[in-house]
Amino acid sequence: MSRVKDAHCVAFLHWALPRLGLRWAGYRKVRRRVCKRVARRLRELGLADVRAYGERLEADPAEWRTLAALCPVAVSRFYRDREVFEGLGAEVLPALARGASRLECWSAGCASGEEPYALALLWHLRLAARFPGVAFRVLGTDVDARLLERARTACYGAGSLSGLPAGWREQAFEPRGRLWCLRGEFRPAVELAQQDLLADLPAREFDLVLCRNLAFTYFDDGGARRALERIASRLRPGGALVIGLHEHLPAPAEGFEPWPGCRAVFRLTCVKNARAAGASLHA
Ligand SMILES: C[S@@+](CC[C@H](N)C(=O)[O-])C[C@H]1O[C@@H](n2cnc3c(N)ncnc32)[C@H](O)[C@@H]1O
């Protein structure tokens with residue numbers, strides 16, 4: 001079979017996603033991507049339909065890992081939600097940089113590097129001259145090793161870059177065939193590592209964490225809460241968490257308060273409660 005009917009795939013995802021700790025509501029709009037991958041998997045297994053695939057999953061627990069690997073959605077682009085990046089540049093990063101000698105940032109679920117590189121560009125092109133004594137680093141993590149490979153090449157199609165402020169593409173990228181590749185001087189600020197947000201944690205603390213269009217869209221309530229606790233355990237007192245513009249922090253989100261004037265940005269204030277729930281840095 002070449003395709004899975006939308007209604008059948010929807011019913012399948014309603015059944016399967018919660019068993020993977022994922023939320024159907026997050027997948028509603030992007031389900032066709034996942035359905036295509038499921039259809040490909042059916043062909044590989046020689047199965048006739050999603051009902052047969054459900055039976056296969058029930059008989060073979062290892063197949064759940066394969067299905068889990070088909071589910072992540074990797075859509076991203078530079079400067080996604082411009083308003084958020086503008087708020088980071090105008091308010092959040094300057095507030096964090098004042099009096100600091102270094103700024104540590106973490107982009108959790110960084111896809112092909114668009115988010116961490118955009119953050120590095122924001123710093124270098126807009127803020128570094130105002131804060132010459134501040135060392136700036138971004139860690140980008142993602143569960144998908146192939147996306148990180150692409151991130152390491154740092155070459156993108158023009159569509160990925162179309163949200164950048166005027167002139168930044170020419171300033172920071174050089175054309176290579178049909179792609180634009182980030183110039184060498186902007187790369188060292190970004191480090192990339194394969195990590196599952198629910199299983200691994202970076203070994204250091206951060207002033208700023210971006211976790212957008214991942215945990216608070218696709219994870220179920222328990223997963224979203226665990227992700228928030230884990231992020232809180234790596235956020236310095238007074239540090240900022242940025243989520244997707246259309247996302248909400250899972251309740252009770254103790255210790256986080258909205259950053260004044262910036263949508264989708266939260267400051268970690270009550271360190272004690274948030275950390276008590278999260279993993280210890282040395283665990
Ligand atoms: C929709 S993209 C978001 C990219 C970027 N944060 C943005 O907002 O443009 C979600 C990313 O999260 C990654 N991801 C999914 N599950 C993950 C997990 N458990 N741990 C880390 N990354 C994960 C996916 O591979 C994908 O690259």
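The expected span of a helix is taken here as 1.5 Å times one less than its number of residues; helices (H or I, at least four residues) and strands (E, at least two) are DSSP runs, numbered from the N terminus. Because the 14 residues of α7 should span 20 Å at 1.5 Å a residue, the 19 Å between its end C-alpha atoms agrees with expectation. This is a predicted model, in which local features need pLDDT of at least 70 and side-chain atom pairs count only at pLDDT 80 or more, while totals for chains, interfaces and linings use all residues. Residues are numbered from 1 along each chain as its sequence is written.

**Domains**

- The protein chain is divided into domain 1, covering residues 6-70, and domain 2, covering residues 82-277, with bounds that come from an automatic or database domain assignment.
- The C-alpha centres of domain 1 and domain 2 lie 30 Å apart, and the contact between them takes six residues from domain 1 and six residues from domain 2, two residues being in contact if their C-beta atoms, placed from the backbone, lie within 7 Å.
- On the side of domain 1 that touches domain 2, three residues are nonpolar, two are polar and one is charged; Ala, Val, Leu, Ile, Met, Phe, Trp, Tyr, Cys and Pro count as nonpolar, Asp, Glu, Lys and Arg as charged, and the others, Gly among them, as polar.

**Ligand surroundings**

- The ligand is surrounded by 19 residues, of which the closest are Ser76, Gly109, Ala111, Leu197 and Arg212; a residue counts as near the ligand if its C-beta atom, placed from the backbone, lies within 6 Å of it.
- Sorted by class, this shell holds 10 nonpolar, three polar and six charged residues.

- Within α1, the residues Cys9, Phe12, Leu13, Ala16 and Leu17 are buried, a residue being buried if 20 or more other C-beta atoms lie within 10 Å of its own, exposed if 12 or fewer, and partly exposed in between, with C-beta atoms placed from the backbone.
- The buried residues of α1 pack against α2 (24-27), α3 (31-45), α4 (50-59) and α5 (63-70), and just after this helix Gly21 takes a positive phi of about 75 degrees.
- Helix α6 (residues 82-97) has 16 residues and reaches 21 Å between its first and last C-alpha atoms, close to the 22 Å expected, and has a kink of about 45 degrees centred on Leu88.
- In α6, the buried residues Val84, Phe85, Leu88, Val92, Leu93, Leu96 and Ala97 belong to a set that packs against β1 (102-108), α7 (114-127), β7 (206-210), β8 (235-242) and β10 (265-268), and Gly99, just after the helix, takes a positive phi of about 80 degrees.
- Helix α7 is mostly covered, since 10 of its 14 residues are buried; among them are Glu114, Glu115, Tyr117 and Trp123.

**Backbone geometry**

- Most residues other than glycine have a negative phi, and most peptide bonds are trans.
- Ala111, in the loop between β1 and α7, has a positive phi of about 50 degrees although it is not a glycine, and it counts as buried because it has 25 C-beta neighbours inside 10 Å.
- Ala264, in the loop between β9 and β10, has a phi near 70 degrees, a positive value in a residue other than glycine, and it is buried because 21 other C-beta atoms lie within 10 Å.
- A cis peptide bond with omega of about 5 degrees joins Ala251 and Pro252, and Pro252 lies in the loop between β8 and β9 (256-258).

**Two partly exposed residues**

- Asp144, in the loop between β2 (135-142) and α8 (145-153), is partly exposed because 18 other C-beta atoms lie within 10 Å.
- Leaving aside its neighbours within four places in sequence, Asp144 is in contact with Pro72 and Ala74; Asp144 and Ala74 are 70 residues apart in sequence and 9.1 Å apart in space, C-alpha to C-alpha.
- Leu45, in helix α3, is partly exposed because it has 14 other C-beta atoms within 10 Å, and Leu45 and Tyr218 are 173 residues apart in sequence and 26 Å apart in space, C-alpha to C-alpha.

Definitions and conventions. The bend at a residue is the angle between axes fitted to the seven residues ending there and the seven starting there.
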